[in-house]
Amino acid sequence: QAFQEENRVQDRLAMMGTLASGLAHEIRNPLGGIRAAAEMLQRELEGAEDQEYARIIVSEVDRLNQLITQLLDFAKPKKLKKTSVNINQILSELLILQHSAMQRRKIALRQEFDPSLPPVWGHEPSLKQAFLNLIKNALEAMEGGGTLRVATGYISDYRMQVGEGKPTPMAQVAIADTGAGIPEENLKSLFTPFFTTKPKGTGLGLMMTQRILKEHESQLRVASKVGEGTTFKVLLKLAL
Ligand SMILES: Nc1ncnc2c1ncn2[C@@H]1O[C@H](COP(=O)(O)OP(=O)(O)OP(=O)(O)O)[C@@H](O)[C@H]1O
Ligand SMILES: [Mg+2]
C-alpha cells in the first residue's frame, strides 16, 4: 500500500513536470515577441517618459522569463551553479519583504545575525527560495501573532554524519516561530509532496526546500512542540 501511495505521488509529480515544461515553452514564444517589440519602441520613442515605459516592459518580460526558467528547472532538476553567498544579506532582504505582512499579523521579529559570518557556498536564487518557504511557513503558523526569530551563526566543529567525520566549519541558520507547532504524527510527512494542513496550501514548499538543500549538501533539522512553536535549522557549507 505504501508502494502504491509512493507511485501515485511520483505519477503526479511527473505529470506536473510535463505540464510545467509544456506551458513554459508556450509562454516563452510570445514573450520573445513582446520583448522585441518593446525594445523597438524604446528606440523609436522620443519622450524620456515613454522610453521609460518601454524599458519597464522589457525588464518585466525579462523577469517573467527568469520565472519560467525556474519553472523549467523545477520540472527538470539540474546541477545548480554555486558561488560565494552572503547569507545574512539574503535573509535581511527576505525579511524586509515580509515586514508589512508581519505587522499586519502582529508578529515581532528577532533578527540575530552573526556579522562576522563568512560567506556560504550556494546558488543564491535557490537559497532565497528555500529560506522564503521556511519563513512563510513560520508566519503562517502564527495566526494569533507571535515572534519570528531568525538567527545566523558559525559552527566551527560540526562533524558531518557521513564520510571521515572530520570537523568542518559550517554556517547555521535558525528560523524559529512561536506558532502552533507540529504534532508528532505529522513530522514524518512534512517533506512529502502535497502534504499540507492548510486550506489553501499546495504542500510543495518544504519538499522544494528540502530538494534545494540536498543539492547544497546541506542539513535541515526540525524541532517542534505543539502549542509552543517550531524551529528549523539549516547547516550550510562555507565558501572556502
Ligand atoms: N513552522 C511551521 N509550523 C507549523 N507547521 C508547519 C510549519 N512548517 C510546516 N508546517 C506544516 O507542514 C505542512 C507542509 O508545509 P509546506 O510548506 O510543504 O506546505 P504548505 O505550507 O502547507 O503549502 P505551500 O508551502 O505549498 O503554500 C504545512 O501544511 C504545516 O502543516
Ligand atoms: Mg509552505
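Tutor: Helices are DSSP runs of at least four residues, numbered from the N terminus. Please note that the model is predicted.

Student: In which helix does Asn186 lie?

Tutor: The helix in question covers residues 184–187. Asn186 falls within that range, and the helix is H5.

Student: Is Asn186 buried or exposed?

Tutor: A residue counts as buried under 20% relative accessible area. Asn186 has a relative accessible area of 17%, so this residue is buried.

Student: Which residues does Asn186 touch, not counting residues up to four places away in sequence?

Tutor: Contact requires heavy atoms within 4.5 Å. With residues up to four places away in sequence left out, Asn186 touches Phe195 and Thr197.

Student: How many residues does the largest nonpolar core have?

Tutor: Ile87, Val120, Leu127 and Phe131 are among the residues with the most contacts inside this core. Helix H3, H4 and strand S4 are among the elements that each supply at least two of its residues. In general, nonpolar side chains tend to be buried together in soluble globular proteins. The largest nonpolar core has 31 residues.

Student: What distance does helix H4 reach from its first C-alpha to its last?

Tutor: H4 spans residues 124–140 and has 17 residues. At 1.5 Å a residue, a span of 24 Å is expected, and the helix comes close to that value. From its first C-alpha to its last, H4 reaches 24 Å.

Student: In S7, which residue is the bridge partner of Lys225?

Tutor: Strands S6 and S7 run antiparallel and are joined by 7 bridges. They form a hairpin with 3 residues between them. In S7, the partner of Lys225 is Gly229.

Note on methods:
Residues numbered from 1 in each chain as written. Chains lettered and ligands numbered in written order. Predicted model: local features only at pLDDT ≥ 70, side-chain atom pairs only at ≥ 80, totals over all residues. Heavy atoms only, no water. Expected span 1.5 Å × (residues − 1). Core = buried A, V, L, I, M, F, W, Y, C linked by side-chain atoms within 4.5 Å. Buried < 20%, exposed > 50% of the residue type's maximum accessible area, 1.4 Å probe, protein only. Pairing = 2+ DSSP bridges.
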